[in-house]
Amino acid sequence: MSGAFYCRSELSAPWGLTLPPMPGYMWFHAPISGEVLLESREMDRRALRRGDFALVPHGEGHTLRSEGGARAPGILDLEREQVSDRYEILRHGGGGAPTTLICGAVRFDHPAAHNLVATLPTAIHLEAAGSAQPEWMQSTLRLTAAEARELRPGGEAVITRLADILVVQAIRFWLYSDPAARSGWLGALQDRHIGRALTLIHREPARPWTVASLARELAMSRSAFAARFTDLVGEPVMQYVSRWRMQVALGALRDEGATVGELAYRLGYRSEAAFARAFKRIVGVPPGSVRRRPTSETGFMT
């Protein structure tokens, strides 16, 4: 996981902040003191209180306010104190009741994480009051609050790392508690046979997989495996294998600067031409063009 932006906000009512859309990123918010109204077109208004944690997994733009109707300028338009390359302090508001808030935008870089994020709901809200939150979640929030109250040497490093942990913990809590996490691709990962097949494909994308070779690994018949895979994952197994390879390739082209030749070899293609044809068929653009445009423009993995 990598973070683009972390901010500790010292706010006084009335106040409001507009968070811009961040495609490919997840916004998170953790009130340390006071209350926050979270509003957007994609979700109901939510009241966040001290000890709550909210995750907006798909990077939609949204608004934070002390109260309904409070003016909400763009957070990036307000003056902020830059503590480090990725950590800032914002002081804003009308001088009334105080609120302290930790927020930020992060993304997962591993290809499998894009599949995971795509399955997440519009928002994940973990409430502290009467909460089913496990103690480790509350402990992490208390430690984050202690660091935010008085920024000590190294405090920004501690807070950004704790924030990353909170994001992972919030997703993990959703996985364990929401019935929606037991269907589709996530449900397939938890299946004794298909989950094992997905793990093999993810770990060894260059292996010359076939339906038969994967079925042998699972001690299943070819037909039973193929039918169960399609039923749980939502697409045929070899289509998934090809798409997974291209997700790995797209990440490597964008983030590592890998060459077409390197990726053809890494992903088990006989030639650069064969890899390039497969990439264009699945992603929609030639591999050489990916490094010249943002990932969102390919319409893939965002």
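**A tour around helix α7**

Begin by selecting residues 222–233, helix α7: at 1.5 Å a residue its 12 residues should span 16 Å, and its end C-alpha atoms are 16 Å apart, which agrees. The expected span is 1.5 Å times one less than the number of residues. Helices (H or I, at least four residues) and strands (E, at least two) are DSSP runs numbered from the N terminus.

This is a predicted model, in which local features need pLDDT of at least 70 and side-chain atom pairs count only at pLDDT 80 or more, whereas totals for chains, interfaces and linings use all residues. Residues are numbered from 1 along each chain as its sequence is written, and side-chain values use heavy atoms, with hydrogens and water left out.

Next, display the side chains of Phe 225, Phe 229 and Val 233, which are buried in α7. Buried means under 20% relative accessible area, exposed over 50%, and partly exposed in between (1.4 Å probe, protein chains only). Viewed down the axis of α7, its buried residues fall within an arc of 30°, so they line one face of the helix; the arc is that of the directions from the helix axis to the C-beta atoms.

Now turn to the face of α7 directed away from its buried side, where the exposed residues Ser 223 and Asp 231 are found. Return to the buried side and select α4 (184–190), α5 (194–203), α6 (211–217) and α8 (237–255), which are included in what covers the buried residues of α7.

Then select Glu 235, in the loop between α7 and α8. Is Glu 235 buried or exposed? Glu 235 is buried, with a relative accessible area of 8%. Leaving aside neighbours within four places in sequence, Glu 235 is in contact (heavy atoms within 4.5 Å) with Phe 229, Thr 230, Tyr 240 and Arg 243. Of these, Phe 229 was already displayed as a buried residue of α7.

Finally, zoom out to the whole chain, which has 10 helices and 11 strands. Its C-alpha trace spans about 65 × 45 × 35 Å along the principal axes. Buried residues make up 51% of the 302 residues. Among contacts between residues at least 6 apart in sequence, 69% join residues at least 24 apart.
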